[in-house]
Amino acid sequence: QVQLVESGGGLVQAGESLRLSCAASGRTKSTYSMGWFRQTPGKEREFVAALTWSSGNTYYADSVKGRFTISGDSAKNTVYLQMNSLKPEDTALYHCAARKTSYTNYDYWGQGTQVTVSS
C-alpha cells in the first residue's frame with residue numbers, strides 16, 4: 001500500500017503562484033509514476049500532470065502547459081506541482097495519485113488539497 005498526503009493549497013489571486021506537495025509513504029518503491037489530477041463539483045476529474053520516476057519524463061494537460069511544472073524528489077518520496085500564472089479556471093480540488101506500472105490505472109490517491117484562484 002502507498003499513502004499519499006497533499007499540501008500547499010490555498011486561496012490566491014489570478015496571476016499568482018502556488019506549489020503543491022505530495023508526500024508518499026508505505027511501499028513507495030513499487031510506484032512507477034505519480035501524477036496530479038483536479039476536480040470541480042459537477043465535472044469529471046481532469047488529468048493535470050504526471051512524472052515517471054525511472055525516466056524523469058513529464059506529461060501535462062494542454063490547459064496547464066507552460067504554467068505548471070511537476071517535479072519529484074525520490075529521496076523524499078515527494079512530488080511537487082509548481083503552479084504559476086494561476087487562473088480562476090484552475091480552481092479545483094487537486095489530488096495526487098500514484099500507479100505501479102505504465103499500463104495500469106492510478107492505484108493510490110490522496111485526499112486532495114483545495115486551490116482557489118480569485119479574479
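How many salt bridges does the count come to? Here are some notes on that and a few other features.

1. Ground rules. This is a predicted model, in which local features need pLDDT of at least 70 and side-chain atom pairs count only at pLDDT 80 or more, while totals for chains, interfaces and linings use all residues. Residues are numbered from 1 along each chain as its sequence is written, and side-chain values use heavy atoms, with hydrogens and water left out.

2. Salt bridges. The count comes to four, taking a salt bridge as a side-chain nitrogen of Lys or Arg within 4 Å of a carboxyl oxygen of Asp or Glu. One of them joins the side chains of R38 and D90, at 2.9 Å from N to O. That pair links distant parts of the chain: R38 sits in strand β4 (residues 33–39) and D90 in the loop between β8 and β9, 52 residues apart.

3. The open sheet. Do have a look at the four strands in the order β1-β3-β8-β7, which pair in antiparallel fashion. Strands here are DSSP runs (E, at least two residues), numbered from the N terminus, and two of them pair if DSSP finds at least two bridges between them. β1 (2–7) and β7 (68–73) are at the edges with a single partner strand each, so one side of each has no neighbour in the sheet. On average, neighbouring strands are turned by 15° against each other, direction ignored (axes are lines fitted to C-alpha atoms).

4. Partners of β3. Strand β3 (residues 18–26) is joined to β8 (residues 78–83) by six bridges, running antiparallel. Within this pairing, L18 stands opposite M83, and C22 has V79 as its bridge partner. β1 and β3 also pair over six bridges in the antiparallel sense, with V5 opposite A23.

5. The loop at T101. T101 lies in the loop between β9 (92–99) and β10 (108–109). Its side chain makes a polar contact with the side chain of T104 at 2.9 Å (N or O atoms within 3.5 Å, one able to donate a hydrogen and the other to accept it; residues adjacent in sequence count only if both atoms are side-chain atoms). The T101 side chain also reaches the backbone nitrogen of Y103, at 3.3 Å.

Technical notes:
Axes are lines fitted to C-alpha atoms, for helices over the stretch in contact, and angles run from 0 to 180 degrees between N-to-C directions.
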